[in-house]
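Here is a short briefing on one protein model. Please look over the sequence and the fold before reading the notes.

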Amino acid sequence: MKPEAPDRTTSPSPAFLATPVAPLRTFFSQPKDVWNASLVLKRTMSSPPLTVTLQEAALDLGLHYMTVYRYVRTGKLPATQEGMVWRVLASDVAALKDGRLSASGSRSRRNDVAATSQALEARLLAGDSAGAWWLIEGRLGGGLDPSGVLATLLSPALRSIGARWAEGELDVADEHRATAVAQRIIGRLGLQFGRQGRSRGSVVLAAPAGDLHTLPVAMVADLLRWRGFDVSELGANTPADALAHAASRIARLVAVGIVSTTSGHDAEVTQSVQAVRAKTPSTPIVLGGSAIRSAGHARALGADIWTGPDGSTVIDAVESCTKEGQVGDVGRSK
């Protein structure tokens with residue numbers, strides 16, 4: 001008996017629908033605008049990536065992975081971290097490859113320090129003590145002294161972090177993590193580059209009551225130690241009478257330094273100045289920090305010398321106090 005021919009008027013069987021033919025037929029029957037969209041998607045997917053991994057960058061540059069990783073850790077190649085993966089701009093890799101971006105990592109020598117400070121900021125926020133020190137070692141090896149490290153690298157990075165925290169871009173955990181790494185850096189610099197030679201005199205240094213920032217005091221203290229001064233570092237939130245008492249007990253006292261970095265504590269600064277004056281009336285009082293806006297502001301609070309908002313002239317200010325019988329002219333509150 002001859003088998004019946006299949007009824008082609010009925011719907012396709014489920015088996016037929018499972019074959020690739022039906023979806024392809026559906027795709028090819030789409031309107032022209034869908035075709036155009038698919039071509040755009042295809043072109044987008046085939047275009048060069050904006051960023052590449054370090055492994056891909058190393059392969060493109062013909063370098064070992066650890067060499068490229070060292071470029072990132074020392075700020076020679078800008079990078080961002082996504083989870084556990086570092087990514088760099090493909091354009092930066094291409095620039096490095098053809099010589100437009102030098103192996104020193106900066107597009108101009110003038111921007112080199114700024115680029116290193118930005119890289120250091122990223123390492124501070126990441127809590128990466130090893131990477132931060134690696135950056136600093138590279139600059140020390142390039143001729144920058146410890147004072148220069150604090151003034152041109154660490155201070156700008158910390159100021160930027162503080163500003164970003166104030167604007168709400170960073171949270172308290174970010175600020176604390178960065179501060180912890182910065183403290184380790186300062187401690188390591190202090191151990192490695194201690195005072196050489198005879199003491200040039202003593203300085204008492206503190207932040208006023210209400211100012212909880214210890215790091216600026218530590219940075220100024222090390223700047224002075226490296227220049228030959230013995231520093232009694234009282235830290236943050238120091239009561240006025242405690243500062244005055246410490247100053248009265250120090251031999252060969254050259255100056256008393258007050259570092260104020262938190263606004264709104266002018267009254268506490270004034271109390272500290274007055275307390276020191278009562279105990280050691282002839283001792284010059286040096287005042288600075290980001291909360292002290294000008295020499296006039298420092299004078300209004302009773303200080304003799306203003307070091308500037310970032311303490312950049314603190315060495316000159318204290319050294320001027322060593323001149324017999326006079327207070328120096330650097331930032332003097334006349």
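Two strands count as paired if DSSP finds at least two bridges between them. In β3, T53 has R87 as its bridge partner. The model is predicted.

**Strand pairing around β3**

- Strand β1 spans residues 51–53 and strand β3 spans residues 85–89. The two pair in the antiparallel sense, over 3 bridges.
- T53 and R87 are bridge partners, with R87 on the β3 side.
- Strand β2, residues 80–82, also pairs with β3 in the antiparallel sense, over 3 bridges.
- Q81 has W86 of β3 as its bridge partner.
- A hairpin is formed by β2 and β3, with 2 residues between the strands.
- G83 sits in the turn of that hairpin and has a positive phi of about 70°.

**The largest pocket**

- The volume of the largest pocket is about 1,100 Å³.
- Its lining is made up of 47 residues. Nearest the centre of the pocket lie L158, R159, P216, T261 and S290.
- Helices and strands both contribute: α9 (146–166), α10 (172–192), β4 (202–208), α11 (215–226), β6 (253–259), β7 (285–288) and α15 (314–321) each give two or more residues to the lining.
- α9 supplies the largest share of the lining, with 10 residues.
- By class, the lining holds 27 nonpolar, 16 polar and 4 charged residues.

- Most residues other than glycine have a negative phi. Two exceptions follow.
- N237 has a phi near 55°, a positive value in a residue other than glycine. N237 belongs to strand β5, which covers residues 230–238.
- R252 is found in a loop, between α12 (240–248) and β6.
- Is R252 buried or exposed? R252 has 54% relative accessibility. The cut-off for exposed is over 50%, so R252 counts as exposed.

Key
Residues are numbered from 1 along each chain as its sequence is written. This is a predicted model: local features need pLDDT of at least 70, side-chain atom pairs count only at pLDDT 80 or more; totals for chains, interfaces and linings use all residues. Side-chain values use heavy atoms; hydrogens and water are left out. On a 1 Å grid over the protein atoms alone, a cavity is a set of points where a 1.4 Å probe fits but cannot get out, and a pocket is an open set with protein on both sides within 12 Å along at least five of seven lines; lining residues have an atom within 4 Å of a point. Grid points are joined across faces, edges and corners, and a volume is the space filled by probe spheres set on the points. Helices (H or I, at least four residues) and strands (E, at least two) are DSSP runs, numbered from the N terminus. Ala, Val, Leu, Ile, Met, Phe, Trp, Tyr, Cys and Pro count as nonpolar, Asp, Glu, Lys and Arg as charged, and the others, Gly among them, as polar. Buried means under 20% relative accessible area, exposed over 50%, partly exposed in between (1.4 Å probe, protein chains only).
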